[in-house]
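Here is a short briefing on one protein model. Look over the sequence and the structure first, then read the points below.

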Amino acid sequence: MKKIAIFGSTGSVGENTLNVIRENLDKFEIVTLVAGRNIEKLLKQIEEFKPKNVYIIDKENAEKIRQKYDGLNIFYGKQGMEEISKLTDFDVSISALVGIAGLRPTYNMIKSGKTVALANKEVLVAGGELIMKTAREKGAKLLTVDSEHSAIMQCLNGEENNEIDKILLTASGGPFFDKEITENITVEEALNHPTWSMGKKITIDSSTMMNKGFEVIEAKWLFDVNPDKIEVVVHRKSLVHSMVQFKDGTIMANIGPKSMQIPIAYALNYPNRLPNKIEKLNLFDVVDLKFEKPDLNKFKCLALAYKAIKKGHSCQVVLNAANEVLVEKFLNKEIKYTDIPKGIEKMMSYFDIRELKTIDEILEFDEEVREKMRKEEM
Ligand code: MG
(Lines give C-alpha, C1' and ligand atoms only; values in the text may rest on other atoms or scores of the structure.)
Protein backbone atom coordinates (compact mmCIF):
# COMPACT_ATOMS: atom_id res chain seq x y z
CA MET A 1 0.00 0.00 0.00
CA LYS A 2 1.33 3.40 -0.99
CA LYS A 3 0.71 6.10 1.58
CA ILE A 4 -0.64 9.29 0.02
CA ALA A 5 -0.74 12.85 1.33
CA ILE A 6 -2.86 15.47 -0.44
CA PHE A 7 -2.10 19.13 0.13
CA GLY A 8 -5.19 20.81 -1.29
CA SER A 9 -7.67 17.94 -0.95
CA THR A 10 -10.86 19.94 -1.51
CA GLY A 11 -9.76 21.62 -4.75
CA SER A 12 -10.21 20.12 -8.22
CA VAL A 13 -6.83 18.33 -8.27
CA GLY A 14 -7.45 17.03 -4.73
CA GLU A 15 -10.90 15.71 -5.60
CA ASN A 16 -9.63 14.07 -8.78
CA THR A 17 -6.84 12.45 -6.75
CA LEU A 18 -9.43 11.06 -4.35
CA ASN A 19 -11.44 9.75 -7.32
CA VAL A 20 -8.38 7.80 -8.47
CA ILE A 21 -7.77 6.49 -4.96
CA ARG A 22 -11.42 5.52 -4.51
CA GLU A 23 -11.06 3.19 -7.51
CA ASN A 24 -7.77 1.75 -6.26
CA LEU A 25 -8.22 1.20 -2.54
CA ASP A 26 -6.12 -1.95 -2.75
CA LYS A 27 -3.11 0.14 -3.79
CA PHE A 28 -3.33 3.43 -1.93
CA GLU A 29 -4.21 4.71 1.50
CA ILE A 30 -4.67 8.33 2.50
CA VAL A 31 -2.51 9.42 5.42
CA THR A 32 -2.82 13.19 5.18
CA LEU A 33 -5.50 15.59 3.97
CA VAL A 34 -4.83 19.32 3.87
CA ALA A 35 -7.68 21.70 3.15
CA GLY A 36 -8.21 25.47 3.28
CA ARG A 37 -11.65 26.58 4.42
CA ASN A 38 -14.04 24.01 3.02
CA ILE A 39 -14.83 22.23 6.29
CA GLU A 40 -17.94 20.42 4.98
CA LYS A 41 -16.04 18.78 2.15
CA LEU A 42 -13.08 17.96 4.38
CA LEU A 43 -15.36 16.29 6.96
CA LYS A 44 -16.82 14.09 4.23
CA GLN A 45 -13.33 13.18 3.04
CA ILE A 46 -12.24 12.31 6.59
CA GLU A 47 -15.29 10.08 7.00
CA GLU A 48 -14.60 8.25 3.75
CA PHE A 49 -10.81 7.99 3.67
CA LYS A 50 -9.90 7.86 7.39
CA PRO A 51 -6.61 9.80 7.25
CA LYS A 52 -4.17 10.03 10.17
CA ASN A 53 -3.38 13.73 9.78
CA VAL A 54 -5.59 16.61 8.72
CA TYR A 55 -5.15 20.34 8.34
CA ILE A 56 -7.60 23.22 8.06
CA ILE A 57 -6.72 26.92 8.23
CA ASP A 58 -9.02 28.12 11.02
CA LYS A 59 -8.78 27.07 14.65
CA GLU A 60 -12.60 26.98 15.05
CA ASN A 61 -12.89 24.50 12.17
CA ALA A 62 -10.05 22.43 13.61
CA GLU A 63 -12.04 22.32 16.87
CA LYS A 64 -15.12 21.06 14.99
CA ILE A 65 -13.06 18.23 13.53
CA ARG A 66 -11.62 17.40 16.96
CA GLN A 67 -15.10 17.05 18.44
CA LYS A 68 -16.06 14.47 15.80
CA TYR A 69 -12.77 12.66 15.37
CA ASP A 70 -10.82 12.35 18.55
CA GLY A 71 -7.48 10.64 18.00
CA LEU A 72 -6.88 12.26 14.64
CA ASN A 73 -3.78 14.49 14.35
CA ILE A 74 -5.33 17.87 13.63
CA PHE A 75 -3.32 20.87 12.50
CA TYR A 76 -4.33 24.48 11.82
CA GLY A 77 -2.85 27.92 11.23
CA LYS A 78 0.60 28.87 10.05
CA GLN A 79 2.43 26.76 12.63
CA GLY A 80 0.19 23.78 11.85
CA MET A 81 1.06 23.98 8.16
CA GLU A 82 4.75 24.01 9.03
CA GLU A 83 4.30 20.91 11.20
CA ILE A 84 2.10 18.85 8.90
CA SER A 85 4.36 19.51 5.90
CA LYS A 86 7.32 18.17 7.90
CA LEU A 87 5.67 14.80 8.63
CA THR A 88 7.37 12.02 6.72
CA ASP A 89 4.80 9.23 6.99
CA PHE A 90 3.90 9.35 3.27
CA ASP A 91 5.25 7.77 0.08
CA VAL A 92 3.78 10.21 -2.44
CA SER A 93 2.49 13.68 -1.71
CA ILE A 94 0.32 15.68 -4.08
CA SER A 95 1.21 19.37 -3.82
CA ALA A 96 -1.97 21.12 -4.94
CA LEU A 97 -2.32 24.12 -2.67
CA VAL A 98 -3.32 27.26 -4.54
CA GLY A 99 -0.75 29.96 -5.20
CA ILE A 100 2.39 30.89 -3.32
CA ALA A 101 0.95 29.32 -0.15
CA GLY A 102 2.17 26.03 -1.59
CA LEU A 103 5.83 26.97 -1.76
CA ARG A 104 7.05 26.48 1.82
CA PRO A 105 5.06 23.28 2.53
CA THR A 106 6.30 21.76 -0.74
CA TYR A 107 9.87 22.75 0.11
CA ASN A 108 9.45 21.01 3.48
CA MET A 109 8.12 17.85 1.81
CA ILE A 110 10.98 17.76 -0.67
CA LYS A 111 13.44 17.97 2.21
CA SER A 112 12.08 14.62 3.42
CA GLY A 113 13.56 13.03 0.28
CA LYS A 114 10.22 11.43 -0.69
CA THR A 115 8.21 11.66 -3.91
CA VAL A 116 6.33 14.89 -4.44
CA ALA A 117 3.92 15.36 -7.35
CA LEU A 118 3.41 18.99 -8.24
CA ALA A 119 0.10 20.48 -9.27
CA ASN A 120 0.94 23.91 -7.90
CA LYS A 121 2.84 25.85 -10.57
CA GLU A 122 3.95 28.64 -8.28
CA VAL A 123 6.31 26.26 -6.48
CA LEU A 124 8.63 26.14 -9.50
CA VAL A 125 7.83 29.60 -10.87
CA ALA A 126 8.79 31.31 -7.60
CA GLY A 127 11.18 28.74 -6.17
CA GLY A 128 12.48 26.68 -9.12
CA GLU A 129 16.19 26.95 -8.48
CA LEU A 130 16.01 26.23 -4.76
CA ILE A 131 13.39 23.48 -5.14
CA MET A 132 15.39 21.62 -7.81
CA LYS A 133 18.63 21.99 -5.88
CA THR A 134 17.01 20.71 -2.68
CA ALA A 135 15.39 17.78 -4.50
CA ARG A 136 18.79 16.78 -5.91
CA GLU A 137 20.51 17.08 -2.53
CA LYS A 138 17.86 15.12 -0.64
CA GLY A 139 17.18 12.55 -3.36
CA ALA A 140 13.53 13.54 -3.58
CA LYS A 141 11.67 12.52 -6.73
CA LEU A 142 9.76 15.40 -8.30
CA LEU A 143 6.81 14.35 -10.43
CA THR A 144 4.03 16.44 -11.90
CA VAL A 145 0.30 16.00 -12.33
CA ASP A 146 0.01 18.88 -14.76
CA SER A 147 -1.24 17.23 -17.97
CA GLU A 148 1.37 18.89 -20.22
CA HIS A 149 4.34 18.16 -18.01
CA SER A 150 3.20 14.65 -17.33
CA ALA A 151 3.00 14.20 -21.13
CA ILE A 152 6.53 15.56 -21.60
CA MET A 153 7.82 13.38 -18.78
CA GLN A 154 6.31 10.33 -20.54
CA CYS A 155 7.75 11.35 -23.93
CA LEU A 156 11.16 11.60 -22.27
CA ASN A 157 11.05 8.14 -20.71
CA GLY A 158 14.34 6.43 -21.52
CA GLU A 159 15.70 9.45 -23.42
CA GLU A 160 18.76 11.54 -22.63
CA ASN A 161 18.20 15.22 -21.97
CA ASN A 162 20.82 16.20 -24.57
CA GLU A 163 18.78 14.48 -27.30
CA ILE A 164 16.02 17.09 -27.00
CA ASP A 165 15.72 19.56 -29.85
CA LYS A 166 12.67 21.26 -28.41
CA ILE A 167 9.74 20.77 -26.13
CA LEU A 168 6.38 21.46 -27.76
CA LEU A 169 4.12 22.55 -24.94
CA THR A 170 0.49 22.41 -25.99
CA ALA A 171 -2.10 24.98 -24.97
CA SER A 172 -5.87 24.93 -25.46
CA GLY A 173 -5.79 28.64 -26.22
CA GLY A 174 -8.56 29.32 -23.70
CA PRO A 175 -11.86 31.12 -24.35
CA PHE A 176 -10.34 34.09 -26.23
CA PHE A 177 -8.10 32.45 -28.78
CA ASP A 178 -10.51 33.16 -31.65
CA LYS A 179 -11.92 36.33 -30.13
CA GLU A 180 -10.64 39.80 -29.56
CA ILE A 181 -9.32 40.67 -26.12
CA THR A 182 -10.90 43.91 -24.92
CA GLU A 183 -11.15 45.69 -21.59
CA ASN A 184 -14.85 44.80 -21.49
CA ILE A 185 -14.27 41.09 -20.92
CA THR A 186 -16.26 40.02 -17.88
CA VAL A 187 -15.34 37.61 -15.09
CA GLU A 188 -18.01 35.19 -16.34
CA GLU A 189 -16.60 35.20 -19.87
CA ALA A 190 -13.07 34.63 -18.63
CA LEU A 191 -14.20 31.77 -16.39
CA ASN A 192 -15.82 29.98 -19.32
CA HIS A 193 -12.95 27.67 -20.33
CA PRO A 194 -13.65 25.62 -23.46
CA THR A 195 -11.97 22.31 -22.58
CA TRP A 196 -10.91 22.00 -18.93
CA SER A 197 -12.87 22.44 -15.72
CA MET A 198 -10.54 23.81 -13.02
CA GLY A 199 -10.37 26.24 -10.08
CA LYS A 200 -11.05 29.96 -10.64
CA LYS A 201 -7.49 31.29 -10.40
CA ILE A 202 -6.09 28.80 -12.91
CA THR A 203 -9.06 29.29 -15.25
CA ILE A 204 -8.36 33.04 -15.44
CA ASP A 205 -4.66 32.25 -15.91
CA SER A 206 -5.61 29.94 -18.78
CA SER A 207 -7.66 32.67 -20.45
CA THR A 208 -4.74 35.13 -20.36
CA MET A 209 -2.30 32.29 -21.21
CA MET A 210 -0.33 33.23 -18.12
CA ASN A 211 -0.89 29.62 -17.12
CA LYS A 212 1.08 28.59 -20.21
CA GLY A 213 3.78 31.11 -19.33
CA PHE A 214 4.07 29.50 -15.89
CA GLU A 215 4.20 26.10 -17.57
CA VAL A 216 7.12 27.21 -19.75
CA ILE A 217 8.98 28.19 -16.58
CA GLU A 218 7.95 24.93 -14.92
CA ALA A 219 9.18 22.90 -17.92
CA LYS A 220 12.50 24.72 -17.91
CA TRP A 221 13.10 23.62 -14.32
CA LEU A 222 11.63 20.12 -14.46
CA PHE A 223 13.37 19.05 -17.66
CA ASP A 224 16.45 21.27 -17.40
CA VAL A 225 16.10 22.82 -20.86
CA ASN A 226 16.84 26.27 -22.13
CA PRO A 227 13.57 28.31 -22.38
CA ASP A 228 14.14 29.11 -26.06
CA LYS A 229 13.84 25.38 -26.67
CA ILE A 230 10.32 25.42 -25.25
CA GLU A 231 7.70 26.33 -27.82
CA VAL A 232 4.03 26.89 -27.04
CA VAL A 233 1.73 25.20 -29.55
CA VAL A 234 -1.97 25.98 -29.51
CA HIS A 235 -4.02 22.85 -30.00
CA ARG A 236 -7.68 23.64 -29.43
CA LYS A 237 -8.89 20.09 -28.92
CA SER A 238 -6.60 19.30 -25.97
CA LEU A 239 -6.07 15.73 -27.21
CA VAL A 240 -2.32 16.05 -27.69
CA HIS A 241 -1.10 16.82 -24.19
CA SER A 242 2.41 17.88 -25.29
CA MET A 243 5.29 16.69 -27.45
CA VAL A 244 9.06 16.47 -27.57
CA GLN A 245 10.99 16.95 -30.78
CA PHE A 246 14.36 15.19 -30.77
CA LYS A 247 17.62 15.96 -32.55
CA ASP A 248 16.96 13.38 -35.27
CA GLY A 249 13.64 15.06 -36.13
CA THR A 250 11.45 12.51 -34.38
CA ILE A 251 8.48 13.97 -32.54
CA MET A 252 7.05 12.00 -29.65
CA ALA A 253 3.50 13.04 -28.76
CA ASN A 254 1.33 12.11 -25.84
CA ILE A 255 -2.26 11.73 -27.01
CA GLY A 256 -5.16 10.64 -24.89
CA PRO A 257 -8.49 11.45 -23.25
CA LYS A 258 -8.92 14.83 -21.59
CA SER A 259 -8.89 13.82 -17.96
CA MET A 260 -6.96 15.16 -15.02
CA GLN A 261 -7.19 11.71 -13.46
CA ILE A 262 -4.78 10.13 -15.94
CA PRO A 263 -1.72 12.26 -15.08
CA ILE A 264 -2.67 12.08 -11.40
CA ALA A 265 -2.85 8.27 -11.51
CA TYR A 266 0.46 8.15 -13.40
CA ALA A 267 2.14 10.17 -10.63
CA LEU A 268 0.55 8.14 -7.84
CA ASN A 269 1.57 4.81 -9.36
CA TYR A 270 4.80 5.99 -11.05
CA PRO A 271 6.46 4.46 -13.03
CA ASN A 272 3.55 2.11 -13.72
CA ARG A 273 0.22 2.94 -15.32
CA LEU A 274 -3.16 2.36 -13.75
CA PRO A 275 -6.21 1.14 -15.64
CA ASN A 276 -9.27 3.37 -15.30
CA LYS A 277 -12.91 3.70 -16.29
CA ILE A 278 -12.36 6.77 -18.46
CA GLU A 279 -13.62 6.41 -22.01
CA LYS A 280 -10.69 5.61 -24.31
CA LEU A 281 -9.95 7.90 -27.20
CA ASN A 282 -11.22 6.53 -30.49
CA LEU A 283 -8.50 7.55 -32.93
CA PHE A 284 -10.88 7.21 -35.87
CA ASP A 285 -13.04 9.99 -34.41
CA VAL A 286 -10.08 12.37 -34.32
CA VAL A 287 -10.66 14.30 -37.54
CA ASP A 288 -7.59 16.48 -37.54
CA LEU A 289 -4.85 17.52 -35.19
CA LYS A 290 -4.55 21.21 -35.79
CA PHE A 291 -1.67 23.19 -34.32
CA GLU A 292 -1.42 26.98 -34.26
CA LYS A 293 1.01 29.58 -32.98
CA PRO A 294 -0.09 31.83 -30.13
CA ASP A 295 -0.10 35.57 -30.86
CA LEU A 296 2.27 37.06 -28.30
CA ASN A 297 1.03 40.59 -29.00
CA LYS A 298 -2.44 39.52 -28.02
CA PHE A 299 -1.56 37.17 -25.16
CA LYS A 300 0.67 39.64 -23.36
CA CYS A 301 0.94 37.54 -20.21
CA LEU A 302 2.65 34.75 -22.15
CA ALA A 303 5.09 37.24 -23.66
CA LEU A 304 5.77 38.63 -20.17
CA ALA A 305 6.55 35.15 -18.88
CA TYR A 306 9.23 34.63 -21.55
CA LYS A 307 10.58 38.09 -20.73
CA ALA A 308 10.69 37.24 -17.01
CA ILE A 309 12.67 34.06 -17.69
CA LYS A 310 15.25 36.08 -19.61
CA LYS A 311 15.51 38.73 -16.88
CA GLY A 312 16.15 36.27 -14.06
CA HIS A 313 14.70 34.42 -11.12
CA SER A 314 13.49 37.38 -9.03
CA CYS A 315 11.56 38.68 -12.05
CA GLN A 316 9.66 35.37 -12.13
CA VAL A 317 8.73 35.95 -8.49
CA VAL A 318 7.43 39.40 -9.53
CA LEU A 319 5.49 37.91 -12.45
CA ASN A 320 3.80 35.37 -10.21
CA ALA A 321 3.06 37.66 -7.25
CA ALA A 322 1.73 40.53 -9.36
CA ASN A 323 -0.42 38.14 -11.38
CA GLU A 324 -1.94 36.53 -8.28
CA VAL A 325 -2.94 39.91 -6.83
CA LEU A 326 -4.32 41.13 -10.17
CA VAL A 327 -6.35 37.97 -10.83
CA GLU A 328 -7.90 38.29 -7.39
CA LYS A 329 -8.73 41.94 -8.08
CA PHE A 330 -10.24 40.99 -11.43
CA LEU A 331 -12.34 38.23 -9.85
CA ASN A 332 -13.56 40.80 -7.30
CA LYS A 333 -14.42 43.07 -10.22
CA GLU A 334 -12.03 45.78 -8.97
CA ILE A 335 -10.00 46.00 -12.20
CA LYS A 336 -10.47 45.42 -15.91
CA TYR A 337 -9.33 42.24 -17.68
CA THR A 338 -6.68 44.13 -19.63
CA ASP A 339 -5.25 45.54 -16.38
CA ILE A 340 -3.79 42.10 -15.60
CA PRO A 341 -0.86 42.25 -18.09
CA LYS A 342 -0.61 46.02 -17.58
CA GLY A 343 -0.08 45.64 -13.84
CA ILE A 344 2.42 42.82 -14.22
CA GLU A 345 4.46 44.81 -16.71
CA LYS A 346 4.50 47.79 -14.35
CA MET A 347 5.84 45.66 -11.49
CA MET A 348 8.41 43.95 -13.71
CA SER A 349 9.96 47.28 -14.59
CA TYR A 350 9.60 48.69 -11.06
CA PHE A 351 11.56 45.95 -9.28
CA ASP A 352 15.22 45.44 -10.06
CA ILE A 353 16.69 41.95 -10.26
CA ARG A 354 17.94 40.75 -6.90
CA GLU A 355 19.43 37.56 -5.54
CA LEU A 356 17.05 35.27 -3.65
CA LYS A 357 18.79 32.34 -2.03
CA THR A 358 16.52 31.02 0.69
CA ILE A 359 12.84 30.26 0.99
CA ASP A 360 12.50 33.19 3.43
CA GLU A 361 14.11 35.61 0.99
CA ILE A 362 11.78 34.44 -1.78
CA LEU A 363 8.67 34.76 0.39
CA GLU A 364 9.68 38.18 1.77
CA PHE A 365 10.24 39.51 -1.72
CA ASP A 366 7.00 37.94 -2.91
CA GLU A 367 5.15 39.80 -0.13
CA GLU A 368 6.90 43.06 -1.00
CA VAL A 369 5.70 42.77 -4.61
CA ARG A 370 2.15 41.97 -3.49
CA GLU A 371 2.08 44.96 -1.13
CA LYS A 372 3.15 47.25 -3.93
CA MET A 373 0.71 45.65 -6.38
CA ARG A 374 -2.25 45.86 -3.98
CA LYS A 375 -1.70 49.61 -3.48
CA GLU A 376 -1.21 50.32 -7.17
CA GLU A 377 -3.96 52.38 -8.79
CA MET A 378 -4.90 50.81 -12.10
MG1 MG B 1 -1.55 22.38 -17.64
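The donors of the magnesium ion are spaced along the chain as D-x1-E-x66-E. The two glutamates of that set, glutamate 148 in helix H7 (residues 147-155) and glutamate 215 in helix H10 (residues 210-223), are 67 residues apart and link distant parts of the chain. The model is predicted.

- Three protein residues donate to the magnesium ion: Asp146 (OD), Glu148 (OE) and Glu215 (OE).
- These donors lie 2.1 to 2.2 Å from the ion.
- Glutamate 148 and glutamate 215 are both buried.

## Helix packing: H1, H2 and H3

Two packed helices are described by the angle between their axes and the distance between the axes. Helix H2 takes part in two of the pairs described here, one with H3 and one with H1.

- Helix H2 (residues 39-49) packs against helix H3 (residues 59-68) at an angle of about 30°. Their axes are 11 Å apart.
- An angle under 35 degrees counts as roughly parallel, so H2 and H3 are roughly parallel to each other.
- H2 and H3 cross in a right-handed sense.
- On the H2 side, the contact involves Ile39, Leu42, Leu43 and Ile46. On the H3 side, Asn61, Ile65 and Lys68 meet them.
- Helix H1 (residues 12-22) packs against H2 at about 20°, with the axes 13 Å apart. H1 is therefore roughly parallel to H2.
- The crossing of H1 and H2 is left-handed.
- H1 contributes Glu15, Leu18, Ile21 and Arg22 to this contact, and H2 contributes Lys41, Gln45, Glu48 and Phe49.

## Helix packing: H6 and H13

- Helix H6 (residues 122-138) and helix H13 (residues 313-331) cross at roughly 155°, and their axes come within 8 Å. H6 is therefore roughly antiparallel to H13.
- H6 passes H13 in a left-handed crossing.
- Glu122, Val125, Ala126 and Gly127 are the H6 residues in this contact. They meet His313, Gln316, Val317, Asn320 and Glu324 of H13.

## Leucine 42

- Leucine 42 belongs to helix H2 and is one of the H2 residues that meet H3.
- Is leucine 42 buried or exposed? Its relative accessible area is 0%, so leucine 42 is buried.
- Beyond its neighbours within four places in sequence, leucine 42 contacts Ser9, Thr10, Leu33, Ala35, Tyr55, Ile56 and Ile65.
- The C-alpha atoms of leucine 42 and valine 54 are 8.8 Å apart. Along the chain, these two residues are separated by 12 residues.

## Backbone exceptions

Most residues other than glycine have a negative phi, and most peptide bonds are trans. The residues below depart from that pattern.

- The peptide bond between tyrosine 270 and proline 271 is cis, with omega about 0°.
- Proline 271 sits in the loop between helix H11 (261-268) and helix H12 (300-311).
- Lysine 50 is not a glycine, yet has a positive phi of about 45°. Lysine 50 lies in the loop between H2 and strand S3 (53-56).
- Lysine 50 has a relative accessible area of 58%, so lysine 50 is exposed.
- Aspartate 224 also has a positive phi, near 55°. Aspartate 224 is placed in the loop between H10 and strand S9 (230-234).
- With a relative accessible area of 61%, aspartate 224 is exposed.

## Cysteines

A disulfide is a covalent bond between the sulfur atoms of two cysteines.

- How many disulfides does a search of the whole structure find? The search finds zero.
- Cysteine 301 counts as buried at 1% relative accessibility. Cysteine 315 is buried as well, with a relative accessible area of 3%.

Conventions. Residues are numbered from 1 along each chain as its sequence is written. This is a predicted model: local features need pLDDT of at least 70, side-chain atom pairs count only at pLDDT 80 or more; totals for chains, interfaces and linings use all residues. Side-chain values use heavy atoms; hydrogens and water are left out. A disulfide is a pair of cysteine sulfur atoms within 2.5 Å. Buried means under 20% relative accessible area, exposed over 50%, partly exposed in between (1.4 Å probe, protein chains only). Donors are N, O and S atoms within 2.8 Å of the metal (3.2 Å for Na, K and Ca); water is not among the atoms, so sites may look incomplete. Helices (H or I, at least four residues) and strands (E, at least two) are DSSP runs, numbered from the N terminus. Axes are lines fitted to C-alpha atoms, for helices over the stretch in contact, and angles run from 0 to 180 degrees between N-to-C directions. Angles under 35 degrees count as roughly parallel, over 145 as roughly antiparallel, 65 to 115 as roughly perpendicular and the rest as oblique. A crossing is left-handed if the near helix is turned anticlockwise from the far one by less than a right angle, and right-handed if clockwise. Contact means heavy atoms within 4.5 Å.
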